[in-house]
Each structure stands twice: as C-alpha cells, then as structure tokens.
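Please open the structure in a viewer and follow the stops below in order. Each stop says what to select and what is there.

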Number of protein chains: 2
Amino acid sequence: MPRGSPAAEATCVRVEGERPYEVWIGRGLLREAGTRLRAVGGTPRALIVTVPPVARHWQEPLRASLAAAGVDAAWHVVPDGEESKSLEQLAGIYQAALTARLDRESWIVALGGGVVGDLAGFAAATFLRGVRFLQVPTTLLAQVDASVGGKTGVNLPAGKNLVGAFHWPSLVLADLDTLSTLPEGEFRAGFAEAVKHGLLSDENDYGFIRRAAPRLLRREPAALQRLVADSVRIKAAVVGRDPREAGERRRLNLGHTVGHAIEAAAGYGRWRHGEAVAAGLAAEGALALAVGTGWTAERQRELLELLETLSLPTQLRGLRADELLERMRYDKKAIAGELRWMLPAAPGRIVEVTGVPRDVVRRVLVELGAEEGEDGR
Amino acid sequence: MPRGSPAAEATCVRVEGERPYEVWIGRGLLREAGTRLRAVGGTPRALIVTVPPVARHWQEPLRASLAAAGVDAAWHVVPDGEESKSLEQLAGIYQAALTARLDRESWIVALGGGVVGDLAGFAAATFLRGVRFLQVPTTLLAQVDASVGGKTGVNLPAGKNLVGAFHWPSLVLADLDTLSTLPEGEFRAGFAEAVKHGLLSDENDYGFIRRAAPRLLRREPAALQRLVADSVRIKAAVVGRDPREAGERRRLNLGHTVGHAIEAAAGYGRWRHGEAVAAGLAAEGALALAVGTGWTAERQRELLELLETLSLPTQLRGLRADELLERMRYDKKAIAGELRWMLPAAPGRIVEVTGVPRDVVRRVLVELGAEEGEDGR
C-alpha cells in the first residue's frame, strides 16, 4: 500500500454497551491520535505499551502526535511474542505506570497486535482498579478482532487467557497504514477472524471476503477498510447484545475450541493465533458435517478453498489427536467439564452443540491430519 | 460471646447495583454456608482461601457445611498479614484454582478478614475473567466494611491497593460467631470503619455507636448485629448510588487519605488498617476544623472521646509529617496531583475540599504528634 496515496474517509463504528466507545478505521489515524485522545477526555498523560518491531516503524509518528497535542507520554517496550502475556510482564507495566505517575483518568495505550492489546488492556483494567485505555491495533488480526469486545488478559503456564478482565477501551484507532509494515505471514493470519465474522454474519459479508480475497491479499486499502469495518461492526453487534459472554457472545467462539487447543498443544507461539483459528474453523466445519448441523460438503469445500487462497492452514499435521482432546477439556468455556461446541450450519447460522462423543471429535481431528499417537489411546 | 446462647434472627441487607446480592448478618451462618451457596446457584465446586489463625477455628465447620451440601471444596491457605496481598500470592491462588478445576460458574470463597477478601476477591474477579465469589468475613472490620462495595485488589511495593478490580460477590455471610475468636486488638480495630459509617449517615446511627460502645466492647451479639447491619446498610446505599466511584462513593474515603498515608509511611502491617483509619478520622476532623467546614471543636472532642473509648489511636506519634504528605500525593484518588479531601461538617454532612495548602495539612499533622523531621522540610 503506497504511503502517499490519497486517504479515503475513515469509517467510524460505535460500539454500544456499558460504556460505549468509537472504533475508527482508516488511514493516517495514528498521526491524529493525540488530538483524538484529547477529544475523548481524561488526563493528558499516557503510558504507551508496545513491542520492538512496531516501535521501529510507528513510535515516532505516535510520539509526535501525542506531543503536539500536549499529552505527556511515557513508553514501555515489552518483548515481542505470546510469552509477554505473563504475570511478570504485567508487573513490569504496573511499575512503569507508577513511574509515569498515571492517575485514574490517565491513559494506557496499546500500540501493537493482540498480545500488546490483551496485556496492556489487562493492566488498564486493573491499575488503580481501571484507567482509560486507547487501542491502536497494528495487525490485521487485532484490527478485525481484538479491538472490539473488551476482553483483556494474560496467560498462565497451564493455558491462554486464564486470567483477565472485561475492560472497554475509551477509543480504538485502527490505522490501515500500519498494516503496510506487517510481515506477510502475520498479515495473512489476520484473515482467519475476518472469515469467522463473515460466517457469523450472513452470505453477503461472507461472500465479500470470498470475492475480494485477491484484492485483500494485495493489501488494497479500500478492500481492507471494508473488511475491517465489517468485522468490527459484526463483532460489536454480538458483543453489544451480550457484553459479558452470558449467551450469544459464545458464537464468537467459532473455530476457537479447536484453535485454542492447537495453540496449547503446539506450545504457545508455534502457531500464530490466526493460523490456529483457521485450522480450527476447518476442523469445526468438518465436525459440523459429522454431527449433521446442516452444514454441507459444498460449504465445507468453499471454506477450505477460501482459507487456502488466503494461505491459511486447514490441517492438523504435527499435532497429536489425544493431546488436542485433553487441551479442550481445559477450555475456559467448558462448564462442569462439558464442552459446548459452536458449529456452523450456514453463513449467519451457528448452532450450539453439546454432548458430542469424544470418538467423533477424535475421528475428525485424525481425518484432518492429527496423529493417532503410538499408544493408540 | 457464649457460643451456646440462642441465636437471634439473622438480618439480611440486599445490596443493589449492577449485580444485586445479599449480605446476611447473624450467628451460626457459617454452618449454613453450604446450603446457602447452593441456593444461590453456580457449579458446586469451590476454592476456599483463608489464613492459618482463621482456619484453626473455622475450617472444620465450613468444611462440614460444604460437604453436607455436596460442594466439592479445595483449600488454599496463605500467610496471615498484609504482605499476602501481593502479585505472588495471587499467582498461587490461580494455580490452586487450576488444580481445583474451577470453571466460570464455580466459587472462590474468602474465609477471613480484609486481606483474604481483597486477595481472593481479585482472584475471583480475574480467574477465567471472573468466577463466583462468596465472602465469609471473620473480622469486625471486614464485616462492617470490606464485605460491601465490590472492591478487590492487591498491593504493589509502592502502595496499597494499586492493582485491583470491582467484582461483586454473589453472597456474603457475616457470621457474628466468628468474632468470638478475634484477638482484642483486631476486634477493636474494626470499630473505626463503623464510626466512619456513622459519621456518613446521621446523628441517629452515629449516636448509636456512642451509646452502645460499652456493650460493643463486651461483644454483645445484639449490639454487634445492629452495628454490622447498620454499617452494611449505610455503605450499600452509598455504593448502590455510585458503584464505580465516579462521585458520591468518594465520601467513603473519609479518614482514608491520612489513613492510607499512615499505613504506607509506617510500613505495611505496622498499623492495623482500622487503627490507621481511626487516626485518619481524628486528623481529618482536625483538618476540617482548620479549614472551616462547619465541624466544631465540640464535635471533634466527641469524636476523639469515642475513638479513645474504643481504644483506637488518635495520634500520629512515630510518623514524620513530610513522609505522610509525600505518601498522600500517591493516593490513587488524587487526580492530576490534586488531593480531594472528604472532610466532616457534621454527622451526615461530608464536604469535598480541594486546594488545601500543604502547610495547613502539615500543621495539623504536627499538632497530632507527627514529627517535624530533622531537616525542617
């Protein structure tokens, strides 16, 4: 995406809920961050949390924008990668927040992808029992997904996101320019959650992704802007109806029961989250076929084709079926040990299925390439 | 309080808010904990967090009550004392919760005083982004104060409660029997927050404490039941109108601006929280006189007399005035470095005062026995 091309108008999606906020999607937003932050309110003092590869490209423009708007900004750089979503890194952010003398109306800013957003967001949720939170998602994955919904958290050695809080940002700025510096693999992994949102929405939104795939892969700004805005709108609608995951919000778990198990079984960081979700969507589509939700072989073929066009994995090679099954039991959405599957029936129609026999799940996993395991358990 | 005496009927105070819940105050409630927990709902699985001195007296009856009601209970004992409100102890509770296989509808139970309630409550707020929380406050302080309001959290080396979350319990059982095993100093420290609540309420509630002081000191159950129920009702009303401390709830900070500074300056654990609040009330009363809120010398004399009757400290001996002032600057309720004082004008009338000159505060602190400091700063 050429940096000099004229910017289209930014899209604004208002997320309703306990504390409504705006998500802006467009180009050049990072350079307006200072004035936009001031317009929302609070104390003009901020701690910006980021990772080295993002800082390299985007620290300077954000610093300049905040300074120009009179925002007193401190920076805290954490190591890149999922390992940073730890209680140890969290303690480091608290210390930085104390040093920066943040008060309850000050801001914690997440400049980066999902890891930075979850970690800095949990710090914002809990430091002084909650300070203001600005999200500047710089990955496609974070823009289409993590920037909406208020979920924040860190990992424990036993599993991902086992500790966290709901905390709504005061503002989200999804600057499409930041996607220009994203490595190709990182960029493509972002499509998985967008595909999920298309499936949750309807034929129209799902169809757009299928039709626009070539333009999206070329990172055409107009196509990306529609993709991100669609995703934010779809997710915001679900979250707005069920902010604390009492019911409907569980639909967003599509692809994630298997996806989370893949990440845990492979060891955090081996699979990108988006890649795990893509394979999770493929697996849960196959499971939907197996249990007969109404999902058809034709739909499954389309889904696999789309994921493959986007260079996303649809196979479980290198993973042991029994290990995946064991990890699913720890899924935090399991209630009293019973897994609740969200399975596709058609675009716009997702069904909740419980009581799927372990053997059926196991067979599907093996069909998708997971290893049987030597002991044949 | 003789354990065999007939139990009066328990009092129930319903706390309104985002998630209403009931606080029960009476005798023998711990032995009914299992059935009462089951009646509220959730998964019959619990992790009970407590400290050794409380476990010694009350683990067995609670264990029996939970077992009789079919609740699968795991126990996690943390060291006694304020130092346990740490990120390290928090990590230990998360691990215990994983081992106990808690799900989102399971319970974390705080059996103990304010430290256990804050620590276990923060774990309940954040494990799996929030599980059910039962509070069984076993100190007078926790019964009159910490069991209402949803504040949970841990300390950082730089200050108390700098990290935390709002998390409402699903149920609170304030069993007056547990006060029978409380050491005298611990018991008396509990009166400070009750005096504060009396001051926040009206002449009637404040007057009750003054009249009933001798009976309260003898731990007469009927007097204690009224005291605890009054406090819960007064605090619940304030919190219900302002659950997240946007305004009115700041009234509860009476006595705490100085109180928190005392605890921090002395080193955590040197002063009991209630003792620090008592001296804080005395100091803030004196400050109210100095800035002219309408608080009278006669009112101040009454307040000091009541605190002294209850064997609570009203002096700041052994503390340096400048250290106290410095600690106040870090108070998490300070916005943009400006302290907002909540000062008494009369029982039922508390006024917010900003812009109190540092010298005026300093003089009051010194009058109450704080040291000037060798360098005369």
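**Stop one: a helix in chain A**

Select helix H13 of chain A, residues 321-329; in this predicted model, its buried residues are Ala321(A), Leu324(A), Arg327(A) and Met328(A). They lie on the same side of H13(A), because the arc they cover around the axis is only 125°. As a general point, an α-helix has 3.6 residues a turn, so residues three or four places apart point the same way.

What covers the buried residues of H13(A)? The cover includes helix H10 (256-266) and helix H14 (358-367) of chain A.

**Stop two: where the chains meet**

Now show both chains. On chain B, 25 residues are in contact with 25 residues of chain A. To find that side of chain B, select helix H3 (87-99), helix H4 (114-126), strand S7 (151-156) and strand S8 (159-166) of chain B, the elements that each give two or more residues to it. Which of them gives the most? It is S8(B), with five residues.

Next, colour the side of chain B that touches chain A by residue class: 16 of its residues are nonpolar, four are polar and five are charged.

**Stop three: the two copies**

Finally, superpose chain B on chain A. A rotation of 180° does this, with 0.0 Å of shift along its axis and an RMSD of 0.0 Å. The two copies are therefore related as by a two-fold rotation axis. Both copies use the same surface, as 100% of the contact residues of chain B recur in chain A.

How values were computed:
Residues numbered from 1 in each chain as written. Chains lettered and ligands numbered in written order. Predicted model: local features only at pLDDT ≥ 70, side-chain atom pairs only at ≥ 80, totals over all residues. Contact = placed C-beta atoms within 7 Å. Helix = DSSP H or I, 4+ residues; strand = E, 2+ residues; numbered from the N terminus. Nonpolar A, V, L, I, M, F, W, Y, C, P; charged D, E, K, R; others polar. Least-squares fit on C-alpha atoms with pLDDT ≥ 70 in both. Buried ≥ 20, exposed ≤ 12 C-beta atoms within 10 Å, placed from the backbone. Arc of directions from axis to C-beta.
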